[in-house]
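The sequence and structure are shown first.

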Amino acid sequence: MEAPTALPPVKRRNAELVMTLFAIAITLFAMIEAGLTRNGEMPPSLFLYGMLFGGLAVLAHFFIRFFAPWSDPLLLPLATLLNGLGIAMLWRLYEATGDTSGGSAMNQLILTAASMAVFAGIVFFLKEPRTLQRYPYLMAIGAVFLLLLPLIPGLGQTINGARQWISLGFTSLQPSEFAKIALVIFLSGYMVTKRDVLALASRQIKVGRFKVLDLPRMRDTAPMAVMWGFCIIVLVILMNDLGTSLLLFGTFLAMIYVATQRSSWIIIGLAAFFGACAALYPFVPHFRVRMVTWLDAFRPDVYCTDQYLNDPEAFCQTAGNSQQLVQGLFAMAEGGMTGAGMGGGKPAYVPEVQNDFIFSAFGEELGLTGVMVMLMALALLVERGMRIALASKELFIKMFASGISFLLAFQTFVVIGGVTRVIPMTGATIPFVAKGGSALLSSWVMLALLMRMSNNARKPAPQAIQDEGATQVISR
Amino acid sequence: MSDLTLMLIKITFLGVLWLFVIMAVGVIRTDLLGPVKSKSGRSKRSAEPRRAPAPKAPRGRRNEPRALVVTKGPLTGTTLNLSSQPIVIGRAKDATLVINDDYASGRHARIFSDNGRWVVEDLGSTNGTYLGQQRLTRPQPITVGQPIRIGKTVLELRK
């Protein structure tokens, strides 16, 4: 039964416009602050950035106003804020210092434009996301193919010790960013058909009179076994891509729990994953390096101080010394509560600060207060995704929306957990914020899917032509 | 730039960032509690699409019912907004108001609008629909506040 006291459907497009303009203003404010603090003058290219980035975001808003008018009003402003903060930080790191060899805000802006074009294309052409339900196994094959692509010799590239890139000559791509979306589509379709058997068939384990655990039947654990094997063998052992592995397995567990509401899946899954990690520790050297740089980050030979520079036993020659992690921690400690102000810190001490560690740059310059805003924005984005899952009627859409939300949430956790040394350092990126075309594009693709699903979920049901209640209304 | 100015800019920027979060939460608030204090503005706008398909219905009478409220039974407190569509009450899954009552039939009764008057009709139920103390034998017009009893459930129209 539909909730009879449901609120009247509202579009709230004007609220979206106001919030989007606010997000653009924040981006420009951040650039002004960085320019004033660093160089003592307003950024000379402020107007250009304002026009380009602001124009793009407002264009996206009007696109939504016409083509997805019932969608959630907060999705676009939150994405704009995160993307804008990322651009402002890159501008501060490169353009403001006059050194654009490592990357540039303008480059990121161009990538944003391309991502928004893809976003618009998906919102426009994918009118019914449920059509994706038709090809679950094709999606699974696609996801596996994309994940394995970097292993092909000649095509794959190893950057910073992780083999997760493919080179296309003019640019390099990270196919795992797209594989995860394909995987969520597959899992949604699969769970819809196999939900009951995964949820109900079970064997109970009892201790005395008390029920301890509902074990699934052996044959029903096959999908989990495949997923586990893939995450451990391919991603961790062959590709040294712990981040993607954690992300995919976490999303898988979350989705199977959403579909079946059985905690035994989570318990078995986590036990299998951590058991495998513990078993790998003595045998896989690059995995061991990762663990040591996490647990013993402050040991001089792991950090590689000058004294150990020529010691073959120390971590100086490997890509996995803990300098980045430790410098990032120092930077965030330096930031404290309110930070040094945009442009006031020294984020360049952290190697590769533009990728995962852009979070430590924010921590240094905006402090805990500013970083919490970023986390709130990401949390609100995830909350809206869950809300879309709740509001949708179809099981597939429910699974799909919650899967994407979990993906965003786990991605944030994996990155920020790694930077703050809660979990081992991995190679994922904060959605919308970090530099990199693949990550940005996949974030906007996920946003487009959420946007379309929320539009379909919030749209009021069409009215019957006849008022007799006998006419069935088929929505399209 | 003096340090004080930069300090002020820094604090302002953080304040603005949090203002964004607070505004975003404000937008979500409407999701949970409905639009605030804008009875004239928003409710008019959202009522428009519903009003459009039935332009013939004479509007503007003072005593016009707006909602169907359950006053007794397991669903007490449930409110259904009235539109031009008929409301089917019963145990069937596709009924507009599904009541889980052993004394109710699958499609028990129907409440519909006949040119602005609201009429209740028994759809051949086993245990009958009562308007006040009387069992319905034919469709009867109802007014605001008249109790309609179906099994253990009592409903009435409200303004």
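In this predicted model, helices α3(A) and α13(A) cross with left-handed geometry. Helix α3 covers residues 75-93 of chain A and helix α13 covers residues 358-391 of chain A, and their axes come within 9 Å of each other.

**Packing of α3(A) and α13(A)**

- The axes of α3(A) and α13(A) cross at roughly 160°; since angles over 145 degrees count as roughly antiparallel, the two helices are therefore roughly antiparallel to each other.
- On the α3(A) side, the contact is made by Leu75(A), Leu78(A), Leu81(A), Leu82(A), Leu85(A), Gly86(A), Met89(A) and Leu93(A).
- On the α13(A) side, the contact is made by Ile358(A), Ala361(A), Phe362(A), Met374(A), Ala377(A), Leu380(A), Leu381(A) and Arg384(A).

**Helix α5(A)**

- Helix α5 of chain A comprises 13 residues, 136-148, and at 1.5 Å a residue it should span 18 Å; its end C-alpha atoms are 18 Å apart, in agreement with that expectation.
- Met139(A), Ala143(A), Leu146(A) and Leu147(A) are the buried residues named in α5(A).

**Composition of chain B**

- Chain B contains two helices and eleven strands.
- Along the sequence, the elements of chain B follow the pattern α-α-β-β-β-β-β-β-β-β-β-β-β.
- Of the 159 residues in chain B, 21% are buried.
- Among the contacts in chain B with a separation of 6 or more, 38% are between residues 24 or more positions apart.

**Surroundings of Trp118(B)**

- Trp118(B) is located in strand β6 of chain B, which covers residues 117-122.
- Trp118(B) counts as partly exposed because it has 19 C-beta neighbours inside 10 Å, whereas a buried residue needs 20 or more.
- Apart from neighbours within four places in sequence, the contacts of Trp118(B) are Pro65(B), Ile111(B), Ser113(B), Pro141(B), Ile142(B) and Leu157(B).
- Ile22(B) is 96 residues from Trp118(B) in sequence, and their C-alpha atoms are 45 Å apart in space.

Notes
Residues are numbered from 1 along each chain as its sequence is written. Chains are lettered from A and ligands numbered from 1 in the order in which they are written. This is a predicted model: local features need pLDDT of at least 70, side-chain atom pairs count only at pLDDT 80 or more; totals for chains, interfaces and linings use all residues. Helices (H or I, at least four residues) and strands (E, at least two) are DSSP runs, numbered from the N terminus. The expected span of a helix is 1.5 Å times one less than its number of residues. A residue is buried if 20 or more other C-beta atoms lie within 10 Å of its own, exposed if 12 or fewer, and partly exposed in between; C-beta atoms are placed from the backbone. Axes are lines fitted to C-alpha atoms, for helices over the stretch in contact, and angles run from 0 to 180 degrees between N-to-C directions. Angles under 35 degrees count as roughly parallel, over 145 as roughly antiparallel, 65 to 115 as roughly perpendicular and the rest as oblique. A crossing is left-handed if the near helix is turned anticlockwise from the far one by less than a right angle, and right-handed if clockwise. Two residues are in contact if their C-beta atoms, placed from the backbone, lie within 7 Å.
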